Amino acid sequence: MKEFMFIYQGGDPEWMKHTSPEDMAAVMKCWEEWMPKLQEAGELVTGGSPLHFEGKRVTPDMVVTDIAAAEFKELVSGYSIVRAASLEAATELGKTCPIFQSPGVSLEVREVVQMG
């Protein structure tokens, strides 16, 4: 089995401000059901973590800029690492991810290179 990173992109940086506690709880329930299913199937390496939308970008010439909400289609909002036999299998697994309950998101699936 290979490891793949699910990179959660996009979403609404103001989601937590604009979402009712009931809707937030419903979304969290989906994640709380999905992760154990992956764990039981031996497909979860790590659930990862959500990431703040705010951040800094550093270029090779040491220019530091704020990561702007205007770039939010490209913002990474979190990640998970899963196990699958192939990129295709990991992609199919990604289709079951609760991230798609949020508007304006996409899921990038990338194989983790094993060094050494």
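Ser77 is found in strand β5. In this predicted model, Ser77 counts as buried, at 14% relative accessibility. Ser77 is also among the residues nearest the centre of the largest pocket.

**Ser77 and its surroundings**

- With neighbours within four places in sequence left aside, the contacts of Ser77 are Tyr8, Gln9, Gly10, Ser49, Pro50, Leu51 and Phe53.
- Three of these contacts, Pro50, Leu51 and Phe53, are named together with Ser77 and Trp15 as the residues nearest the centre of the largest pocket.
- The burial of Ser77 follows from its 14% relative accessibility, because buried means under 20%.

**The largest pocket**

- The space in the largest pocket comes to about 920 Å³.
- Its lining is made up of 35 residues.
- By residue class, the lining holds 21 nonpolar, 10 polar and four charged residues.
- Two or more lining residues come from each of β1, α1, α2, β2 (44-50) and β5 (76-84).
- Helix α2 gives the most to this lining, namely five residues.

**Helix α3**

- Helix α3 spans residues 87-94, and its residues Ala90, Leu93 and Gly94 are buried.
- These three residues lie on the same side of α3, because the arc they cover around the axis is only 105°.
- In general, an α-helix has 3.6 residues a turn, so residues three or four places apart point the same way.
- The cover over the buried residues of α3 includes β1, α2, β5 and β6 (105-111).
- Of these covering elements, β1, α2 and β5 also give two or more residues each to the lining of the largest pocket.

**Salt bridges**

- The whole structure contains four salt bridges, and three of them are described here.
- Lys29 and Glu33 are joined by a salt bridge between their side chains, at 3.0 Å from N to O.
- Lys29 and Glu33 are about one helical turn from each other, because they sit four residues apart in helix α2 (residues 21-40).
- Lys29 is partly exposed at a relative accessible area of 49%, and Glu33 is partly exposed at 39%.
- Asp66 and Lys56 form another salt bridge, in which the closest N and O atoms are 2.4 Å apart.
- This pair links distant parts of the chain, with Asp66 in strand β4 (residues 64-66) and Lys56 in strand β3 (residues 56-58), 10 residues apart.
- Asp66 counts as exposed at 53% relative accessibility, and Lys56 is exposed with a relative accessible area of 56%.
- Lys95 pairs with Glu92 in a salt bridge whose closest N and O atoms lie 2.9 Å apart.
- Lys95 is exposed, its relative accessible area being 56%, whereas Glu92 is partly exposed at 47%.

**Gly11**

- Gly11 sits in the loop between β1 (2-10) and α1 (15-18).
- At 5% relative accessibility, Gly11 is buried, because the cut-off for that class is under 20%.
- Gly11 is 17 residues from Met28 in sequence, and their C-alpha atoms are 15 Å apart in space.

Note on methods: Residues are numbered from 1 along each chain as its sequence is written. This is a predicted model: local features need pLDDT of at least 70, side-chain atom pairs count only at pLDDT 80 or more; totals for chains, interfaces and linings use all residues. Side-chain values use heavy atoms; hydrogens and water are left out. Buried means under 20% relative accessible area, exposed over 50%, partly exposed in between (1.4 Å probe, protein chains only). On a 1 Å grid over the protein atoms alone, a cavity is a set of points where a 1.4 Å probe fits but cannot get out, and a pocket is an open set with protein on both sides within 12 Å along at least five of seven lines; lining residues have an atom within 4 Å of a point. Grid points are joined across faces, edges and corners, and a volume is the space filled by probe spheres set on the points. Ala, Val, Leu, Ile, Met, Phe, Trp, Tyr, Cys and Pro count as nonpolar, Asp, Glu, Lys and Arg as charged, and the others, Gly among them, as polar. The arc is that of the directions from the helix axis to the C-beta atoms. Contact means heavy atoms within 4.5 Å.
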